[in-house]
Amino acid sequence: MLTVLRIVVRRAGWLLTSFIVIVAVLASAHDLPVKLREWRAEAERAEQVAASLNANAPAFQRAAQANVGRADSEIVALLRAGDAELTAAERDVAERHAHAREIARPGITMDPGKVVASYQARFVEIPLLERTAALIALRRANFRVIATRQLQVRSIEADRARHRGKVAAFNDQVRQRNVWQDRAGNQRRNPLCQRAPQLPGCGLVRDIRRRDAQLQQDRRTLQVEAAALKARSSAVTELALRREQVEDGAEIFERASKAYQAELNQQSERASGYVWNQATAALRRHGRTAFLILLGVVLLPVLHKLLAFFVIAPLAARTRPVRLLDDGPPMAAGSSGISIEVQIDRDSELLLRSGLQSSATDIRGSDAYVLDWRMPFSCLAAGLINLQRLRSDQREHLVVTGIDANHRVAAITVPTGGAVVVQPRALLGVVKQRSQRLVITRPWRIFWLISWITAQFRYIIFHGPCTLIVQGCNGVIIEEATRNRKIDRRLTLGFDAGVSYGAARSTSFQPYLRGQASLFNDRFDGTGRYFYEQRAAGAGKSGLWGRGLKGLGDALLGALGI
């Protein structure tokens with residue numbers, strides 16, 4: 001019934017869309033002859049305007065050059081004009097500017113004479129008149145500066161003459177004081193008067209001391225006046241005239257010529273603005289560039305893979321592998337399956353992401369928001385959040401299954417003293433001691449060449465004792481590292497931290513080019529084991545070039561060991 005309803009809805013939608021399209025086509029066809037005539041008339045008008053502009057271009061050039069020549073002569077005359085001549089010229093410029101604005105207002109018409117006049121007014125006469133008005137305003141400002149400077153110079157000269165008189169009077173008083181000093185020094189009672197000037201007969205000493213105080217005050221007053229006069233003189237000197245220079249007429253002529261040519265080009269393009277002509281022009285102008293861009297987009301991933309496979313990847317075989325820890329007891333694991341039994345007791349607990357299939361009734365559950373608070377961002381990226389914490393006071397068995405029917409689950413036992421590198425994305429749960437925290441280290445290997453070749457700079461290591469419940473698509477396989485084998489690095493889930501971890505180039509280029517294999521295969525050597533998922537060939541992550549932003553995110557998480 002649901003299938004029939006889906007078919008009916010799909011057919012009804014298709015019929016409704018077809019009905020709307022037919023109505024739109026009929027409505028357009030009804031007015032099509034009128035629209036065609038209007039489009040033709042508009043195209044003919046555009047062609048006439050373009051032809052008129054093209055025919056009158058020489059006349060425009062000649063008229064523009066004549067206007068610029070007259071305006072330059074007027075500028076030369078204004079540079080020698082006085083105030084009265086500037087006033088008369090200002091009135092004349094204002095009248096001509098208003099007249100030019102009236103001519104420029106109608107814009108383009110079919111009359112060739114009006115076409116030239118309009119453009120002459122807009123791009124030649126008005127800019128030239130504005131230039132003349134600017135020069136008049138500049139000369140008037142300079143006249144005001146000159147007048148201001150003359151007034152200030154006369155005022156400063158008068159104040160300087162008064163200051164010189166005060167200085168002469170001050171010098172006379174100084175000479176008189178010196179005469180008194182000589183007279184007092186010739187008196188026998190001068191030493192006594194110097195010590196006690198208030199005694200009778202010491203009036204001359206008292207007069208000298210009063211005169212000294214007055215001279216000191218007058219000296220300070222004269223110094224202040226001299227400084228003020230100097231500052232006023234400097235200010236007058238700084239009243240500089242503005243440079244009486246205006247825009248060159250040749251620049252205005254060039255700008256007007258460009259504007260006229262721009263309008264001519266615009267009208268010509270408008271005359272040839274039919275859809276077919278636009279498409280042909282676009283193809284002729286940008287077709288080669290678009291083809292090269294498209295070719296680059298197509299070939300760039302291929303060139304990148306060629307460079308990576310034949311230049312970069314061979315270096316991997318000659319680089320020193322990474323060995324994160326010293327040898328320790330290797331991991332142990334059973335076979336993987338759709339579900340496995342997990343054992344817990346009063347000393348252990350299970351932290352499980354999901355997939356609890358069956359359990360005893362006396363098992364207690366609680367929430368664990370993050371697997372390890374020391375690495376919250378890594379847990380968030382790997383999905384190790386909002387976990388179940390399962391405990392029991394006696395030995396119990398739980399059945400755990402994968403996240404879906406395609407995933408198989410395996411238990412990886414990490415003994416005491418052992419350590420296993422695991423990609424957290426494959427981790428489904430952890431069995432650990434209640435009294436102890438999980439020991440997780442995150443060593444970085446930034447300055448290793450193999451890290452830059454494989455784009456993995458950090459590793460996440462789980463230290464024993466604990467049991468890791470991992471899942472893989474179609475199964476999890478564990479192998480000995482001493483077998484000297486390599487596997488597709490997209491399938492690797494983890495390995496003993498004591499083995500040497502290196503990279504080897506993919507066997508052939510074609511699978512890598514088609515995204516069916518990664519550039520590098522993981523290579524393990526030493527005493528220990530590694531495990532990987534049994535996924536179908538070519539079903540792995542396609543990397544940075546395969547899935548755009550998602551591929552970029554996968555590459556970033558892979559660099560962090562997630």
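Apart from neighbours within four places in sequence, Phe531 is in contact with Met331, Ile412, Val420, Val422, Val470, Val476, Ile477, Ile478, Thr492, Leu493, Gly494 and Phe495. Please keep in mind that this is a predicted model.

Phe531 also belongs to the largest nonpolar core, which has 29 residues. Together with Leu371, Leu427, Phe462, Leu468 and Val470, Phe531 is among the residues that touch the most other members of that core. At least two core residues come from each of strand E5 (364-370), helix H10 (376-382), strand E8 (407-414), strand E9 (419-422), strand E10 (427-433) and strand E13 (466-473). In soluble globular proteins, nonpolar side chains tend to be buried together.

Now to the strands. E18 (residues 520-525) pairs with E15 and with E17, as set out here:

| Strand | Partner | Bridges | Direction |
|---|---|---|---|
| E15 (residues 486-488) | E18 | 3 bridges | antiparallel |
| E17 (residues 500-505) | E18 | 6 bridges | antiparallel |

Asn521 in E18 is a handy residue to look for: Asn521 is the bridge partner of Asp488, and Ala504 stands opposite Asn521 as well.

Finally, a look at a loop residue. Thr319 lies in the loop between helix H9 (275-316) and strand E1 (332-333). Is Thr319 buried or exposed? Thr319 counts as buried because its relative accessibility is 11%, and buried means under 20%. Not counting residues up to four places away in sequence, Thr319 touches Leu449, Ile450 and Ile453.

How values were computed. Residues are numbered from 1 along each chain as its sequence is written. This is a predicted model: local features need pLDDT of at least 70, side-chain atom pairs count only at pLDDT 80 or more; totals for chains, interfaces and linings use all residues. Side-chain values use heavy atoms; hydrogens and water are left out. Helices (H or I, at least four residues) and strands (E, at least two) are DSSP runs, numbered from the N terminus. Buried means under 20% relative accessible area, exposed over 50%, partly exposed in between (1.4 Å probe, protein chains only). Contact means heavy atoms within 4.5 Å. A nonpolar core is a set of buried Ala, Val, Leu, Ile, Met, Phe, Trp, Tyr and Cys residues joined through side-chain atoms within 4.5 Å. Two strands pair if DSSP finds at least two bridges between them.
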